[in-house]
Amino acid sequence: MIVVRGEDPGPFSRHRYYVTFLQVAFNYRCAYCLTPDCRLGGLEAMKVDHFWPESRYQELRLAWINLYYSCDVCNNRKSDHPRANEEEQGRQFVDICQEDPDDHFQLALDFATGDYCLVTHLTEAARYTIYRLHFNRRPFLRDLWREIHACERRTLGQLESAMVLRNQIGATDPQATQLISDLEHQLDQIRALRPFPIAG
Ligand SMILES: [Zn+2]
């Protein structure tokens, strides 16, 4: 989903002052790895990243449109990239404010673990982003994505069992219907945590 940021809440004299506004604008997730901030220590653990590096775009240091909500690791890995020579070669990060990450990344099956926790690229920008931000070399991300996948499988199993039960006891049983509705809701919430679509 593309992030649509609202009006500039500033101007502020320090980029950190934008962080609470960025948290809401970026839906409480890192702009790059899309990890929910509640899994990372909340607002205090998050950084204000400069999409266009501060070192070369001084004029955008406090520009609302250049400030991105980022986890500490993505922010560090991104550093001052893309550098001038990379930019000349057309290297760029996937920009969640311009493009839907779903059009760039997919989660593929990792045969080593049996889980969908291997990020693959659909575009050059995604390839560069995966490489620079080490998406496939960060155990925390891999474990989080594995956990989401395991949770989804478990809930799907419960849902299937509930449907079988409802068929046995009667399609209009209110308790069984409520249980199915709750499990479907849980499934939606679990799937919403997944950063990128599953490779089809
Ligand atoms: Zn991140």
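How many residues lie between β3 and β4 in the hairpin that they form, and which residue in the turn has a positive phi? In this predicted model, there are 4 residues between the two strands of the hairpin, and Gly-114 in the turn has a positive phi of about 80°.

View 1. The predicted model is divided into domain 1, residues 1-99, and domain 2, residues 100-200, and the centres of the two domains, taken over C-alpha atoms, are 26 Å apart. Contact between them involves 19 residues of domain 1 and 17 residues of domain 2; on the side of domain 1 that touches domain 2, 11 residues are nonpolar, 3 are polar and 5 are charged. The C-alpha trace spans about 65 × 40 × 25 Å along its principal axes, and 26% of the 200 residues count as buried. The chain has 6 helices and 4 strands, which from the N terminus on follow the order α-β-β-α-α-β-β-α-α-α. Among the contacts with a separation of 6 or more, 59% are between residues 24 or more positions apart.

**View 2. Helix α4 and the elements against which it packs.** In helix α4, residues 124-133, the buried residues are Ala-126, Tyr-128, Thr-129 and Leu-133. Seen down the helix axis, these buried residues fall within an arc of 160°, and they therefore line one face of α4. The buried residues of α4 pack against α2 (72-78), β3 (105-110) and β4 (115-121). After α4 comes His-134, whose phi is positive, near 60°.

**View 3. The hairpin of β3 and β4.** The two strands pair in the antiparallel sense over 6 bridges, and Phe-105 stands opposite His-121 in β4. Gly-114, with its positive phi of about 80°, lies in the turn of this hairpin.

View 4. Most residues other than glycine have a negative phi, and most peptide bonds are trans. The bond from Gly-10 to Pro-11, however, is cis, with omega near 10°, and Pro-11 is found in the segment before α1 (19-25). The bond from His-81 to Pro-82 is also cis, with omega near -5°, and Pro-82 is found in the loop between α2 and α3 (84-88). Because Pro-82 has 19 C-beta neighbours inside 10 Å, it counts as partly exposed. Leaving aside residues up to four places away in sequence, Pro-82 touches Glu-87, Arg-91 and Gln-92; the C-alpha atoms of Pro-82 and Gln-92, which are 10 residues apart along the chain, are separated by 6.2 Å.

**View 5. Tyr-28 and Leu-34 in the loop between α1 and β1.** Tyr-28 lies in the loop between α1 and β1 (47-50) and, although it is not a glycine, has a positive phi of about 65°. Leu-34 lies in the loop between α1 and β1, and its phi, near 65°, is a positive value in a residue other than glycine. Tyr-28 is partly exposed, because 15 other C-beta atoms lie within 10 Å, whereas Leu-34 counts as buried, because it has 20 C-beta neighbours inside 10 Å.

**View 6. Asp-188 in helix α6.** Asp-188 lies in helix α6, residues 174-193, and counts as exposed because it has 10 C-beta neighbours inside 10 Å. Its C-alpha atom is separated by 9.2 Å from that of Glu-152, a residue 36 residues apart from Asp-188 along the chain.

Definitions and conventions: Residues numbered from 1 in each chain as written. Predicted model: local features only at pLDDT ≥ 70, side-chain atom pairs only at ≥ 80, totals over all residues. Domains from an automatic or database assignment. Contact = placed C-beta atoms within 7 Å. Nonpolar A, V, L, I, M, F, W, Y, C, P; charged D, E, K, R; others polar. Buried ≥ 20, exposed ≤ 12 C-beta atoms within 10 Å, placed from the backbone. Arc of directions from axis to C-beta. Pairing = 2+ DSSP bridges.
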